Amino acid sequence: MSTAMNFGTKSFQPRPPDKGSFPLDHFGECKSFKEKFMKCLRDNNFENALCRNESKEYLECRMERQLMAQEPLEKLGFGDLVDGQSEAKSKF
């Protein structure tokens, strides 16, 4: 009789999202990077070219926490901003 109500038997196995998907950051893991990026946009009249460093940092945070698929920063348009330290981070 109670066998039909076994909701807790399967466990959720997290995996990185599919390419192109951009799930919400429910736990606020990258909130400080997002806020820094949004402040930069507001301070620069929403001229996103002036906030590329903040955008790169935000995307790196999302990739590190598997909130988006890992991509080389060069492929995301940040090839000119990649230094040795950032390049090493993006490979993991």
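When the bonded cysteines of the chain are numbered in sequence order, their pairing is 1-4, 2-3, where a disulfide is taken as a pair of cysteine sulfur atoms within 2.5 Å. The model is a predicted one, in which local features need pLDDT of at least 70 and side-chain atom pairs count only at pLDDT 80 or more, while totals for chains, interfaces and linings use all residues. Residues are numbered from 1 along each chain as its sequence is written, and side-chain values use heavy atoms, with hydrogens and water left out.

The structure holds 2 disulfides. One of them joins Cys 30 to Cys 61, with an S to S distance of 2.0 Å, and it links distant parts of the chain, since Cys 30 lies in the segment before H1 and Cys 61 in helix H2, 31 residues apart. The torsion about this S-S bond is about -95°, so the disulfide is left-handed. Another disulfide joins Cys 40 to Cys 51 (S to S 2.1 Å), linking helix H1 to the loop between H1 and H2. Both Cys 40 and Cys 51 are buried, that is, under 20% relative accessible area, whereas exposed means over 50% and partly exposed in between (1.4 Å probe, protein chains only).

Helix H1 covers residues 31–43; helices here are DSSP runs (H or I, at least four residues), numbered from the N terminus. In H1, Phe 37, Cys 40 and Leu 41 are buried. They lie on the same side of H1 because they cover an arc of only 100° around the axis, the arc being that of the directions from the helix axis to the C-beta atoms. The face turned away from this buried side carries the exposed residues Ser 32 and Asp 43.

How values were computed: Helix = DSSP H or I, 4+ residues; strand = E, 2+ residues; numbered from the N terminus. Expected span 1.5 Å × (residues − 1).
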